[in-house]
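Read the briefing below alongside the sequence and the model.

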Amino acid sequence: MTGSMYAAIAGLQTHMQKMNVIGNNIANANTYGFKPGVTSFSESMYTSISNSTAGGNQYGGTNASQIGYGSQVASIDLNMTGGTYAPTGINSHLYLDGNGFFMVGPKPGEATYEADPNNLTLKRVGNFFLDKDGYLVDSNGYCVYGFMPKGEATGEMSVDPTTGDINWDTCLRPIRVPVAAQGTDTANGIEKGQAIYPTVNADNTLQYPQVGGQDSDENKRVDLQSVNLSVDKNGVITAVTQDNDPITVGIIPIGSVVNPNGLTKESDGYYKAGNNAGEVVVGTCGATVTGALNNNADAQDPNRIELTGAGKTQILSGGLESSKTDIATEFADLITTQRGFQANTKIITVTDEMLSDLVSMKR
């Protein structure tokens, strides 16, 4: 007889777990980029009173008789569909119009790059800005990883002589405003305020030209107080200095996985690629940058990772992605979950009354 009580207790626990998910969804109704959880129940274990039997020559078969012991949480999935565009008026705030994620990570040394995109953290909320060192970072200080133009030995940006297209460094590095001369180095033709692009060595480290006979970045830093950023729909970042000179800073690529629901959700809107999410595939909007990651030109290399396009995804500046929480749906689920919880408490009450009647039979 106590089986009904245990089944009801299991029902209470599962309904409470669903209430926790609903509460979190409602609490984040105005959290940029939030993806609500969807709770699914499944039946719990069964005890067989009798097993099924096959039919014979004279009688037909019989079905099994089983008693269940409540419910359990089968899964808590994420609704990974995109939220609507919420304008903020800040140029460096970016919205992904389509699938995919921004890739962020720690601020390493300037020449360091991340060879494996699976080691980076994914996020949908593009709440970015420039820090004091010229890095594009999010609100928690994580650097935005992307591609930057290659430079010539003179510090000028490298372009294809035939097409005029930018020659991109395809190593995933923290995006940074190209360093520029604070002073003047006439020997190298470098003037104050001019952007300096580094060359990429064979080991994918960066090499900046000297300014005034010194290698210190502080002598090559652009005045960040005079920089305004703009980002086009393909993710190309342009900075405009106080002299109205445009500087191509870099391009923001998109990281995608086959199964977004397989991502591991972390705090502050971050995601990690879990075992069931698939490998992180890197591409750029409009297939602006092609080739292979890490400047790998060897087509026969089995470790070569090709860059892809980002499908129809575009990057819109001046806004962020709104929460995907649907208040009407959450309140409907809130009511049904409350009633389900209430019904399970009634089972416990009725079972207790039956046990009381059973005990009183001896009196």
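The lining of the largest cavity is made up of 12 nonpolar residues, five charged ones and no polar ones. In this count, Ala, Val, Leu, Ile, Met, Phe, Trp, Tyr, Cys and Pro are nonpolar, Asp, Glu, Lys and Arg are charged, and the others, Gly among them, are polar. The model is predicted, so local features need pLDDT of at least 70 and side-chain atom pairs count only at pLDDT 80 or more, while totals for chains, interfaces and linings use all residues. Residues are numbered from 1 along each chain as its sequence is written, and side-chain values use heavy atoms, with hydrogens and water left out.

**The cavity**

- The structure has one cavity of 30 Å³ or more. A cavity is a set of points, on a 1 Å grid over the protein atoms alone, where a 1.4 Å probe fits but cannot get out; lining residues have an atom within 4 Å of a point.
- The largest cavity holds about 160 Å³ of space. Its lining counts 17 residues, and Met-148, Arg-176, Pro-198, Leu-206 and Tyr-208 are the closest to the centre.
- A volume here is the space filled by probe spheres set on the grid points, which are joined across faces, edges and corners.
- Strands β12 (143-149) and β13 (168-174) each give at least two residues to the lining of the largest cavity. β13 contributes the most, with three residues.

**The chain as a whole**

- Two helices and 25 strands are found in the chain. Both kinds are DSSP runs numbered from the N terminus: helices are H or I with at least four residues, and strands are E with at least two.
- Of the 363 residues in the chain, 40% are buried. Buried means under 20% relative accessible area, exposed means over 50%, and partly exposed lies in between (1.4 Å probe, protein chains only).
- Among contacts with a separation of 6 or more, 68% are between residues 24 or more positions apart. A contact means heavy atoms within 4.5 Å.
- The chain exposes about 19100 Å², and carbon and sulfur atoms supply 49% of that area. Such areas come from the Shrake-Rupley method with a 1.4 Å probe; for residues, only the protein chains shown count as cover.

**Salt bridges**

- Side chains of opposite charge can pair when their charged atoms come close.
- There are eight salt bridges in the structure. Each one is a side-chain nitrogen of Lys or Arg within 4 Å of a carboxyl oxygen of Asp or Glu.
- One of them joins Lys-35 and Glu-321, at 3.1 Å from N to O. Lys-35 is in the loop between α1 (3-27) and β1 (37-43) and Glu-321 is in strand β25 (residues 319-321), so this pair ties together parts 286 residues apart in sequence.
- Lys-35 is buried, at a relative accessible area of 0%, and Glu-321 is buried at 1%.
- Glu-321 also forms a salt bridge with Arg-124, with the closest N and O atoms 3.0 Å apart. Because Arg-124 lies in the loop between β8 and β9 (126-127) and Glu-321 in strand β25, the pair links parts 197 residues apart in sequence. Both Glu-321 and Arg-124 are buried.
- Lys-107 and Asp-131 form another salt bridge, with the closest N and O atoms 2.7 Å apart. Lys-107 is partly exposed, at 37% relative accessible area, whereas Asp-131 is buried at 16%.
- A network of salt bridges links Lys-107, Asp-131, Lys-132 and Asp-133.

**Single residues**

- Gly-98 is in the loop between β6 (93-97) and β7 and is partly exposed, at 29% relative accessibility. Leaving out residues up to four places away in sequence, Gly-98 touches Arg-124 and Thr-313.
- Thr-248 sits in strand β18 (residues 246-251) and is buried, with a relative accessible area of 17%. Beyond its neighbours within four places in sequence, the contacts of Thr-248 include Pro-149, Trp-168 and Tyr-197.
- Most residues other than glycine have a negative phi.
- Asn-204 has a positive phi, near 70°. Asn-204 lies in the loop between β14 (199-200) and β15 (206-207) and is buried at 9%.
- Asn-295 also has a positive phi, near 55°. Asn-295 is in the loop between β22 (281-284) and β23 (308-309) and is partly exposed, at 24% relative accessibility.

Technical notes
1 Å grid on protein atoms, 1.4 Å probe; cavity = no way out; pocket = protein on both sides within 12 Å on 5 of 7 lines; lining within 4 Å.
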